[in-house]
Amino acid sequence: VEHLVMPENWALVEAAKVCYISGFFLTVCSDSFIKVAQHCAETNKVFTMNLSAAFIPAHFKERLETVLPYVDILFGNEKEAESLSKSFGYGTTDLKEIARRIASSPKVNDRRKRVVIITQGPGPVILFNEGVITEHPIIPIAPEDIMDTNGAGDAWVGGFLSQLVLGRGLEDCIRGGHYAANVIIQR
């Protein structure tokens with residue numbers, strides 16, 4: 001945590017309107033994760049997290065349970081969501097139900113509701129927002145145009161966040177995610 005609270009580093013956290021932390025960070029420094037999350041809750045900044053890999057909920061459940069109450073927007077793919085469901089004992093593989101359960105779990109900052117987004121590769125993105133589930137089809141692409149899908153999820157989140165920091169609504173954020181993922185898989 002020492003590196004995070006150095007004045008030049010903490011100033012960046014204080015200046016941010018939106019904070020994003022990858023789930024991978026839970027494996028090495030959950031104290032820093034919590035420090036940023038608490039700051040966001042206290043100052044009503046948007047705190048976002050990506051589950052990042054199916055092993056995170058499976059092997060770092062306790063750490064995930066500690067940070068999840070701070071998360072305003074949670075990203076994950078279908079495998080990560082199913083892993084969370086299994087680890088948390090939801091008893092379902094239905095992605096819409098998993099999104100609903102995650103969104104309705106306890107939250108520290110009650111000034112905003114939790115948004116849950118589950119990507120599904122070539123399938124539609126599932127959005128749970130304000131008690132409503134919607135599906136958002138990806139940008140169609142011919143299989144022969146796909147070069148590599150590595151990084152598509154990270155690109156999707158980056159595209160989403162690029163619009164979020166500009167103050168755009170969730171529909172525009174999702175379009176930004178779709179665009180970024182579509183570009184990256186063609187490279």
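Helices, of at least four residues, and strands, of at least two, are DSSP runs numbered from the N terminus. Ser85 sits in one such run, helix H6, which covers residues 78-88. The model is predicted.

- Ser85 is buried, because its relative accessible area is 1% and the cut-off for buried is under 20%.
- The side chain of Ser85 reaches the backbone oxygen of Thr92, at 2.6 Å.
- Beyond residues up to four places away in sequence, Ser85 touches Tyr90, Gly91, Thr92 and Ile98.
- At the start of H6, a side-chain oxygen of Asn77 comes to within 3.0 Å of the backbone nitrogen of Lys79.
- After H6 comes Gly89, with a positive phi near 70°.

**Nonpolar cores**

- In soluble globular proteins, nonpolar side chains tend to be buried together.
- The largest nonpolar core here has 37 residues. Val36, Phe47, Met49 and Ile102 have the most contacts inside it.
- Helix H3 (residues 30-43) gives the most to this core, with six residues.
- Another core lies apart from the largest one and has 16 residues. Phe75, Leu127, Trp156 and Leu164 are among them.
- Phe47 contacts Cys19, Ile21, Phe33, Val36, Ala37, Cys40, Tyr70, Val71, Asp72 and Ile73, leaving aside neighbours within four places in sequence.

**Helices H8 and H9**

- Two packed helices are described by the angle between their axes and the distance between the axes.
- H8 (residues 152-164) and H9 (residues 170-184) pack at an angle of about 145°. Their axes are 7 Å apart.
- The crossing of H8 past H9 is right-handed.
- From H8, the residues in this contact are Ala152, Ala155, Trp156, Gly159, Phe160, Gln163 and Leu164.
- From H9, the partners include Leu170, Cys173, Ile174, Gly176, Gly177, Ala180, Ala181 and Ile184. Asp172 and His178 of H9 also take part.
- By type, the residues of this contact divide into 11 nonpolar, five polar and one charged.

**Gln163 in H8**

- Gln163 is found in H8 and is buried, with a relative accessible area of 17%.
- Gln163 touches Arg168, Asp172, Cys173 and Gly176, not counting residues up to four places away in sequence.
- Gln163 and Thr48 are 115 residues apart in sequence. Their C-alpha atoms are 14 Å apart in space.

**Thr119 in E4**

- Thr119 lies in strand E4 (residues 115-120).
- Thr119 is buried, because its relative accessible area is 16% and buried means under 20%.
- Thr119 is in contact with Gly76, Asn77, Glu78, Val125 and Trp156, leaving aside neighbours within four places in sequence.

**Gln38 in H3**

- Gln38 has its place in helix H3.
- Gln38 is partly exposed, with a relative accessible area of 33%.
- Gln38 and Leu12 are 26 residues apart in sequence and 15 Å apart in space, C-alpha to C-alpha.

Terms used. Residues numbered from 1 in each chain as written. Predicted model: local features only at pLDDT ≥ 70, side-chain atom pairs only at ≥ 80, totals over all residues. Heavy atoms only, no water. Axes fitted to C-alpha atoms, helices over the stretch in contact; angles between N-to-C directions. Left-handed = near helix turned anticlockwise from the far one by under 90°. Contact = heavy atoms within 4.5 Å. Nonpolar A, V, L, I, M, F, W, Y, C, P; charged D, E, K, R; others polar. Buried < 20%, exposed > 50% of the residue type's maximum accessible area, 1.4 Å probe, protein only. Polar contact = N/O pair within 3.5 Å; in protein donor to acceptor, adjacent residues only side chain to side chain. Core = buried A, V, L, I, M, F, W, Y, C linked by side-chain atoms within 4.5 Å.
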